[in-house]
Amino acid sequence: MSKILAIESSCDETAVAILAEGKLLANVISSQVDVHRKYGGVMPEVASRLHAENIAVCLKEAYEKSGLSARDMDAVAVTRGPGLIGCLHVGLQAAKTLALAHDLPLIPVHHLAGHIYANEYVGKLEFPLLAVVVSGGNTELVLMDAPMSFQVIGETKDDAVGECYDKVARILGLPYPGGLPIDQHAQKGKHTYDISEPLKGQKGYDFSYSGLKTAVSNLVNNLRMKGEEIRLDDMCRSFQDVATGMIVDRAKRAAREFGVRQVVLAGGVSANSDLRRRMEEEIRGEGIDLIIPPLWCTTDNAAMIAKVAEHLYEERLFAPLSVAVDPNWRIDKFREF
C-alpha cells in the first residue's frame, strides 16, 4: 500500500486529497461555482487565477486534516487532462514543485479514469464492466475488460450532456449550473412537449447533445413567437426524459452486447435523480450489477485522482518532470505522456 497526495484542477474546483494505505484521510475541495454563476458558465482565465490562489490553501488544509505532510508521501498524483489548459497547468506545476522538493515520483492521472475509479469508494469493480461517464465536458461509454484497461465504444459527437443541460437552462432562464434546477422542475412536470432525439435508431453508441439543445431552442422560440405560455416544469421534464433516455438506452444495449458483469455510473451528471432512477430500473432489471457513486464524489475531487494513482503506483507508472498537460487526452491513451 502507499501514501498518495493528489491534486485536481481540471475545471472550476481546486482539490487536494491524501490517501494513505487505502484510507482517505483528507479530501479538500474549493469550488468556484458562485464566481462563475454570474457569467452563466466557467470563465477559463478566471478559473486559472482562482486555482493559483487556492492551491496552497487546499494543500495546507489537507495536511492538517490528515496529520501528514508532503515528506510522508510516497508519490504525488495530478490530473493531466482532459480539462481547461490553464487550470490543468496550475495543478501540474504545483505537483511538479512538490515532487521536485521532496524527491517524490510524479503520477499523471486521466480525469475520466478518476470519475470511474471513484466508484471503488462504494464497492469492488467487477470486470468486464461498462463505465457510463457523463459530465459537463464529457459523455462516453467506456468498456473495461480488466483493471486500468479502457476502450471507448461511444462518445458525444459535439456537446457533452452536462454542457447541454447548462445551455438549455440558459434558454429557459434558469440559473447556472443547469443540472439541478432542470432536474427539480422536471420532477414536478409531465412529458407533454415533443422534442426530437438526435441519432435515434442508430446502431452504435455515440451521442449528439448539440442537436437536442437546438431542438429545445427552436421549440421555445416558436412558442414565444406564437405568444404561447411555456410550461416550465413540463418543458424540463420533456427535455430531461430525452437527455437521460439517450444515456440509459445506449448503456443498456452496450451492456447486453458486450456481456458485462457490472455497470458503473460516473461524472457530475451522475448526480441527476432521474438518471439514477432509470439506471436502477433498466440496468438492475437486466440482472446486471450496478454501482452509482455517492453524491459527494460525483463532482470533481482529488479523492478520485488518488484512487487511480494508487493503482498506477503499483505499476510504477511515473512521469518525468518534463511532462506537459493535455486538454484533449484520451482515456484509452492514458499511458502515453
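These legends go with several close-up views of a predicted model.

**View 1. The whole chain, from end to end.** The chain is built from ten helices and ten strands. Its C-alpha atoms fill a box of roughly 65 × 45 × 30 Å along the principal axes. A compact globule with 337 residues would have a radius of gyration near 20 Å, and the chain agrees because its own value is 20 Å. Buried residues account for 55% of the 337 residues. Among contacts between residues at least 6 apart in sequence, 73% join residues at least 24 apart. The accessible surface is about 14,000 Å², with 49% of that belonging to carbon and sulfur atoms.

**View 2. Helix α3 and what covers it.** Here we look at residues 85–102, which form helix α3. The helix has 18 residues and reaches 26 Å from its first C-alpha to its last, close to the 26 Å expected at 1.5 Å a residue. Its buried residues include Cys-87, Leu-88, Val-90 and Lys-96. Just after the helix, look for Asp-103, which has a positive phi of about 55 degrees.

**View 3. Arg-80, a buried charge.** Arg-80 sits in strand β4, which spans residues 75–81. How far away is the nearest side chain of opposite charge to Arg-80? That side chain belongs to Asp-326, 4.3 Å away. Side chains of opposite charge can pair when their charged atoms come close. A salt bridge here needs a nitrogen and an oxygen within 4 Å, and buried Arg-80 has no salt bridge. Arg-80 does touch a number of residues beyond its sequence neighbours, including Leu-88, Pro-108, Trp-329 and Phe-337.

**View 4. Helix α7 and its neighbours.** Helix α7 covers residues 209–225. From first C-alpha to last, its 17 residues reach 24 Å, close to the 24 Å expected at 1.5 Å a residue. You can look for its buried residues, among them Tyr-209, Leu-212, Val-216 and Leu-223. The cover over the buried residues of α7 includes β7, α5 and α8. Following the helix is Gly-227, with a positive phi near 75 degrees.

View 5. Helix α10 runs over residues 303–315, and Ala-303 lies in it. Is Ala-303 buried or exposed? Ala-303 is buried, because its relative accessible area is 0%. Leaving aside neighbours within four places in sequence, Ala-303 is in contact with Ala-17, Leu-24, Asn-27, Tyr-121 and Trp-296. By contrast, the C-alpha atoms of Ala-303 and Asn-221 are separated by 43 Å.

**View 6. Salt bridges.** Arg-231 pairs with Asp-234, their closest N and O atoms being 2.9 Å apart. Arg-231 is partly exposed at 37% relative accessibility, whereas Asp-234 is buried at 14%. Glu-286 and Lys-252 also meet in a salt bridge, at 3.9 Å from N to O. Glu-286 lies in the loop between α9 and β10 and Lys-252 in helix α8, so this pair ties together parts that are 34 residues apart in sequence. Asp-332 and Arg-330 form a salt bridge too, with closest N and O atoms 3.2 Å apart. Finally, find the network of salt bridges that links Glu-197, Asp-249, Arg-250 and Arg-253.

Terms used
Residues numbered from 1 in each chain as written. Predicted model: local features only at pLDDT ≥ 70, side-chain atom pairs only at ≥ 80, totals over all residues. Heavy atoms only, no water. Helix = DSSP H or I, 4+ residues; strand = E, 2+ residues; numbered from the N terminus. Buried < 20%, exposed > 50% of the residue type's maximum accessible area, 1.4 Å probe, protein only. Lys, Arg positive; Asp, Glu negative; His and termini not counted. Contact = heavy atoms within 4.5 Å. Expected span 1.5 Å × (residues − 1). Rg over C-alpha atoms; globule rule 2.2 N^0.38 Å. Areas by Shrake-Rupley, 256 points an atom, 1.4 Å probe, with all protein chains shown as cover.
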